[in-house]
Structures are given as structure tokens and as C-alpha cells.
Amino acid sequence: MPLIIPAINASDFKTVSERIFTARTFLPPEGWIHIDVVDGRFAMNVTWNDSEEFGDFLRTHITLRKLNFEIHLMIKEPEKAAEPWLNAGARRLIVHEEAIVDPDLIVKQCADYAAEAMLAAKPDTPVEEYFEYAKQFKEFQVLAVAPGWAGQEFKPETLKKISSLRERLTNATIEVDGGMNPVLVKKCREAGADYFVAASYIFGSTTPMKAYQELVSAAEGSG
């Protein structure tokens, strides 16, 4: 089934926590939430990125524990940050082809915590780069905007990249992140994507629940 994943891109944990609680009001009990972690080195901006604070938050709020969190590590040296985020409660780590040094270590770290490992790449990274990691990773993210900032415009060439991935890696899970709206969700679904990550369309709306439901309908082909 296609999956809409609300994304949180924020500079402070107050905003992060508020958006988690907002998403909980419309997500299914075991729904997914995406959190952007940017270090100012891999991309120019910096977001909130405290894994210890995140772990304390989940331990305190028991009702949130059924939700699944994927952490998008737009950082240098993701191998050093992986275990702290997994220990804090991440159920999926997204790491970048341009930043990883030891993909086998990332995959093992995720497996040790019964979590998933997903490989992402910047929009200008050739799709062929994904194929080099097909033995380690079964999940791939196509980033449709420059890494770091929410609210950017979807790059049309993303559709071709999704199609190429689907054609070559028929059993892979493909996630697309950036610039999502109902029209683009439909196009990405037709191209072969499975998961759709949306930040501004949902949390920039005055009615986040309605925006989320519009994306779900588009992904399911009923909108």
C-alpha cells in the first residue's frame, strides 16, 4: 500500500514535538513520521538534531511509542550518528550515498535494532549510483529537492529517476521526498514510488489533517 509520511523540518524541539502531536491526530496508530536532521555541513542549514532529547521524549510519552519514526540523516559521517538515533527509537534511518563511508556498518547497525536502512541521494546524483548499493539496501529514497530545506519546488527529473529505479530494482521500496502535493504524488506513484514524504504541504496548511488526507487519496488513486 502507498504510504504518506508527514515530515518535520524544524530548528527547535518545541516545533518538532508540536508537529509530532499534530500528526498523531490523523495518522493511523502505527503510522510513520519523518524527521529531518541536518548538520550544516552536508547541507547549508541546521535543524534540531538531538537524539538524546528525542529518546527522552519517546520514553516520557508512552502513547507515541506505536508510531514509527524515520530519521533522515543529511549529515557528514552518518556512521557515527546512527546508533544514537537507533537507540533513541528510530525505526528507519535514511543515509546519503554522498556521505556514507561504510554502508555495511549502517545496515548492520539498523539490523541490530530491528530497524530499516534506506539509501538516499541528492537530485544531481546520477541514478546509477543507487545500483552500486543494491546488495546492501532494499529501500531507496529519491530526494526531489536540494537537501536541507523544506518548502522547495519539486524537480521534474525526479520522475525519470524513480522510473529508472523501479525498472532496475523491481522489488525495492522507493520513497520520494520533497515538494509533494496531490498532483505530484499521483505522478510519482505512476512512476513507481511507494512512500511519499511531505512537510510543507501538511504542516504549512491551516488544516494539516485535511492536507494529509488529500495526499492519501492521491496515492491511492481516489483523489
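Me: Buried means under 20% relative accessible area, exposed means over 50%, and partly exposed lies in between (1.4 Å probe, protein chains only). Why does H96 count as buried?

Reply: This is a predicted model, where local features need pLDDT of at least 70, side-chain atom pairs count only at pLDDT 80 or more, and totals for chains, interfaces and linings use all residues. Residues are numbered from 1 along each chain as its sequence is written, and side-chain values use heavy atoms, with hydrogens and water left out. H96 has 0% relative accessibility, so H96 counts as buried.

Me: Where is H96 found, and what does H96 touch?

Reply: H96 belongs to strand β4 (residues 92–96); strands are DSSP runs of E, at least two residues, and helices are runs of H or I, at least four, numbered from the N terminus. Leaving aside residues up to four places away in sequence, H96 touches F42, H72, L73, M74, L119, A120, A121, K122 and L143. Contact means heavy atoms within 4.5 Å.

Me: What makes the F54 and F69 pair edge-to-face?

Reply: The structure holds 10 aromatic pairs. In this one the ring centres are 5.2 Å apart and the planes stand at 80°, so the pair is edge-to-face. The cut-offs: rings of Phe, Tyr and Trp (its six-membered ring) pair if their centres lie within 6.5 Å; planes under 30 degrees apart are stacked, over 60 edge-to-face, the rest tilted. F54 lies in helix α2 and F69 in strand β3 (residues 68–74), so the pair ties together parts 15 residues apart in sequence. F54 and F69 are both buried.

Me: What are the distance and angle for Y133 and F137?

Reply: The centres are 6.4 Å apart, with 70° between the planes; this aromatic pair is edge-to-face. Y133 is buried at 15% relative accessible area. F137 is buried at 1%.

Me: Which residues of α2 and α3 meet?

Reply: S51, F54, G55 and L58 in α2 meet P84, W85 and A88 in α3.

Me: What makes K122 a charge over a ring?

Reply: The charged end of K122 is 4.5 Å from the centre of the F42 ring and sits over that ring. The rule asks for NZ of Lys or CZ of Arg within 6 Å of the ring centre and within 35 degrees of the ring normal. R92 lies over the face of W32, 3.8 Å from the ring centre.
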